[in-house]
Structures are given as C-alpha cells and as structure tokens.
Amino acid sequence: MDDKQFSLTHHFNELRMRLIFILIMIVVTFAVGMFVAKPTMIYLQHAGVGKSITMNAFQVTDPFQVYIQLAFVIGLILVSPFFFYQIWAFVKPGLYETEQKITLFYIPIIVLLFLIGLVFSYTIVFPFTFKFMYQLNNDLKIHNTIGILEYFRFLLQMTLPFGFLFQMPLLTMFLTRIMLITPALLKKSRKYAYFIMLIVAAVIAPPELMTHLLITCPLIVLYEISIVISTITYRNMAKSEGNHLAKI
C-alpha cells in the first residue's frame, strides 16, 4: 500500500470512528432528552400563551408524540456542540494554526445564535402569531378547541427555523473568510436576498400580513448585520494580507 492509499484509508477510518462517536452521543443525548422532555412539556403548557388555553388530546397517543418530539429536539440541541467539534477535529490537520483557533471559536457561537433564535421566536413571534389566530377565530364565532399535538407542532414550526436563520451572520463571516462572498456581492444582491426572505417568511408564517412582516423584518436586519460583519471581516483579511506582504 503506497502513502496515498494509506492516507486515504486513515482518513476514512477516522471519519467512520467520528461518525460512530456522533451516533453514540445522539443516543445518549436523546436519552437525556427523554428525562428533560416531561418537565419541559409541562412548563411550556403553563408558560406564555400556553397558560391561557386548555389543551386537548384527540388521540391517546398525542401526548406521547409530543413527548418524543421534544426529547428528539432537546437531544439534537445537546449533541450539536459535540457534532460540530467532531467535524472540526476531522478537518483540523488540514488547517493552519490560526484557522484552527478561528473555526473552533465558531462552535459555541453557532449554538448561542441558535438558542437566541429560539428565544426570540418563542417570546415575540410565536405569541403574536398564536394570539392573532386565536382572536381571529373568536371574532368569526369559531370555538377554539386546541389539540396538544397541534399546539406543539405549531410551536416547533415557528421557533426552530429561527434557530437556523440566526446563523446568517456567522455563515456570512465564514463564507467571507474563504472568499466565496464579498461585501460588494452582498450589497449588490440585496434586493434578491430581500425577495428570498419574503418567500422564507411566507413558508414559516401563516397567511397573515402582520406575522409575515414580523418574521421578514428580523431577517432583513440579520442580512444587514451580515453585510457589516462581512465588511469588517474583509477589511481585516485585507489588512492581514498587507502586513504579510510587507514582511516578505
């Protein structure tokens, strides 16, 4: 076996081992999620808009389905730092020392931004949307009988996407660092990006104008923040490159 084949086999074995570690941790964090899901489920039923409504189970299995869904989501959130660390550890040998430090720094930021997105949606977007739809039903003289499964599905539908959408500034910084995008490109593509955000908001939100705007506006703000971050990153890269050339 030559060196190239040995290196390829070594990388494949390492990747396989890291995937096994990730799968093991998914099982572990899901088990943890099974313990945490029950108090979380009870808390969400009696916090925020949940405390003002009566939830019903239309099928015997509805509460159990909610329980499993929450356990799975909690498990994925808990395993995410380990997942990203394993990816970082796999690509680490191919990075420079400064790149290793920078990419490692991304891991807690990714998790933090995801949690901020969840909190933002749960405390602002979801209550407004739910109360609006609930009040609309009352105005139309329609009796609201809310199933616990439908309530939690709607809750997850409104909150989880924001966890991913709040990664936009960090993703922009990363793509700028690897020179896939530039501040000029982001500014030039602004109108197209706004149009895409309108579509994303339409997918997430119910067909109602105020909720649609409540989702679109934060996305626009995130995009503008991303432009600023990309600009700062690009300038720092240019400055660093200039200092490097000056030393040569």
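Figure 1. Leaving aside neighbours within four places in sequence, T176 is in contact with I181, S230, T233, Y234 and M237, where contact means heavy atoms within 4.5 Å. This is a predicted model, in which local features need pLDDT of at least 70 and side-chain atom pairs count only at pLDDT 80 or more, while totals for chains, interfaces and linings use all residues. Residues are numbered from 1 along each chain as its sequence is written, and side-chain values use heavy atoms, with hydrogens and water left out. T176 belongs to helix α5, which covers residues 168–177; helices (H or I, at least four residues) and strands (E, at least two) are DSSP runs numbered from the N terminus. T176 counts as buried because its relative accessibility is 0%; buried means under 20% relative accessible area, exposed over 50%, and partly exposed in between, with a 1.4 Å probe and protein chains only. The side chain of T176 reaches the backbone oxygen of T172 at 2.7 Å, and a polar contact of 2.9 Å joins its side chain to that of S230. A polar contact is a pair of N or O atoms within 3.5 Å; within protein, one must be able to donate a hydrogen and the other to accept it, and residues adjacent in sequence count only if both atoms are side-chain atoms. The buried residues of α5 are M168, P169, L170, T172 and T176, and just after this helix M179 takes a positive phi of about 65°.

Figure 2. D62 is found in helix α2, which spans residues 62–91. Although D62 is buried, it has no salt bridge, and the nearest side chain of opposite charge, that of R153, is 6.9 Å away. Here Lys and Arg count as positive and Asp and Glu as negative, whereas His and the chain ends are not counted; a salt bridge is a side-chain nitrogen of Lys or Arg within 4 Å of a carboxyl oxygen of Asp or Glu. Not counting residues up to four places away in sequence, D62 touches A57, I148 and L149.

**Figure 3. The salt bridge between R190 and E224.** Side chains of opposite charge can pair when their charged atoms come close. The count for this model comes to one salt bridge, in which the side chains of R190 and E224 meet at 2.8 Å, N to O. The pair links distant parts of the chain, with R190 in helix α7 (residues 190–204) and E224 in helix α8 (residues 209–247), 34 residues apart. R190 is partly exposed, with a relative accessible area of 28%, and E224 is likewise partly exposed, at 26%.

**Figure 4. Aromatic pairs.** Rings of Phe, Tyr and Trp (its six-membered ring) pair if their centres lie within 6.5 Å; planes under 30 degrees apart count as stacked, over 60 as edge-to-face and the rest as tilted. By this rule the count comes to 13 aromatic pairs. The rings of F83 and F84 have their centres 5.4 Å apart and their planes at 70°, so this pair is edge-to-face; F83 is partly exposed at 33% relative accessibility, as is F84 at 27%. The rings of F114 and F164, with centres 5.2 Å apart and planes at 75°, are therefore also an edge-to-face pair. Because F114 lies in helix α3 (residues 97–139) and F164 in helix α4 (residues 148–165), the pair ties together parts that are 50 residues apart in sequence. F114 is buried, with a relative accessible area of 14%, whereas F164 is exposed, with a relative accessible area of 58%. Elsewhere, ring pairs link Y122, F126, F130, Y151, F152 and F154 into a cluster.

**Figure 5. Y67 and its contacts.** Y67 is found in helix α2. Y67 and K38 are 29 residues apart in sequence and 6.6 Å apart in space, C-alpha to C-alpha. Not counting residues up to four places away in sequence, Y67 touches M34, F35, A37, K38 and M41.

**Figure 6. The chain that holds these sites.** The chain has eight helices and two strands, which follow the pattern α-β-α-α-β-α-α-α-α-α when read along the sequence. Of its 248 residues, 35% count as buried. Among contacts between residues at least 6 apart in sequence, 84% join residues at least 24 apart.
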